[in-house]
Amino acid sequence: MANFKSDKVTVNGSAQKVFEKLSDLSNIGNLLENAPVDQIPEEHRDTLQKISFSENSISFPAGPVGDVTLQVKKREPFSLIELEGVGTPVPLSLSLNIEEVSENECRAYVAIDLAIPAMLKPMISSPMQKMTDQFSQVLKAIKF
């Protein structure tokens with residue numbers, strides 16, 4: 001199992017607001033639809049159009065492995081949203097961990113666990129860590 005964890009980031013919103021907004025995954029789709037076009041790199045715009053959201057799942061293209069679906073596995077109000085890969089080539093989980101700081105601020109980090117053979121870990125560690133860090137940076141940019 002390979003584990004990737006982002007740094008904790010400060011989010012402008014209470015743990016409750018962050019949890020409530022992100023525990024319904026369709027809200028993420030609304031956030032992406034309303035994101036300023038100039039904030040999204042041109043090479044990613046087409047991919048973002050192919051992501052689909054429901055209250056409990058996200059599906060997105062993942063290159064040669066095809067589409068990947070992440071489905072909510074667990075919600076612990078106001079501290080954890082855990083997603084699990086469905087039909088992924090290897091077992092995969094992604095968790096958003098939220099810690100209350102004040103009524104207007106919380107800290108959050110993203111953790112990804114991926115069951116991969118040890119010989120593949122050196123090849124994917126850097127891109128996976130980068131992706132994990134990008135998730136947490138996106139959290140900072142969301143207005144809660």
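Analyst: Two strands pair if DSSP finds at least two bridges between them. Keep that in mind for this model, which is predicted.

User: OK, what makes strand 4 and strand 5 a pair?

Analyst: Strand 4 and strand 5 (residues 67-76) share five bridges, and the cut-off is at least two, so they pair. The sense is antiparallel. Within this pairing, Ser59 stands opposite Thr69 in strand 5. The two strands form a hairpin with five residues between them, and Gly63 in that turn has a positive phi of about 60°.

User: And how do you know that strand 3 and strand 4 pair?

Analyst: Strand 3 (residues 52-53) and strand 4 (residues 57-61) have two bridges. The definition asks for at least two, so the pair qualifies. They run in the antiparallel sense, with Phe53 opposite Ile58 in strand 4. This is a hairpin as well, with three residues between strand 3 and strand 4.

User: Switching to charges: why is the contact between Glu99 and Lys8 called a salt bridge?

Analyst: The N to O distance is 3.0 Å. The cut-off is within 4 Å, from a Lys or Arg side-chain nitrogen to an Asp or Glu carboxyl oxygen, so the contact counts. Glu99 sits in strand 7 (residues 92-102), while Lys8 is in the loop between strand 1 (2-5) and strand 2 (9-11). The pair links distant parts of the chain, 91 residues apart.

User: Are those two buried, exposed or partly exposed, and why?

Analyst: Glu99 has 28% relative accessibility and Lys8 has 45%. Buried is under 20% and exposed is over 50%, so both land in between, as partly exposed.

User: What about Lys74: which partners does it have, and why do those contacts count?

Analyst: Lys74 meets Glu76 at 3.7 Å, N to O, and its closest N and O atoms with Glu82 are 4.0 Å apart. The limit is within 4 Å, so both are salt bridges. They belong to a network that links Lys73, Lys74, Glu76, Glu82 and Glu84. A search of the whole structure finds five salt bridges.

Methods: Residues numbered from 1 in each chain as written. Predicted model: local features only at pLDDT ≥ 70, side-chain atom pairs only at ≥ 80, totals over all residues. Heavy atoms only, no water. Helix = DSSP H or I, 4+ residues; strand = E, 2+ residues; numbered from the N terminus. Buried < 20%, exposed > 50% of the residue type's maximum accessible area, 1.4 Å probe, protein only.
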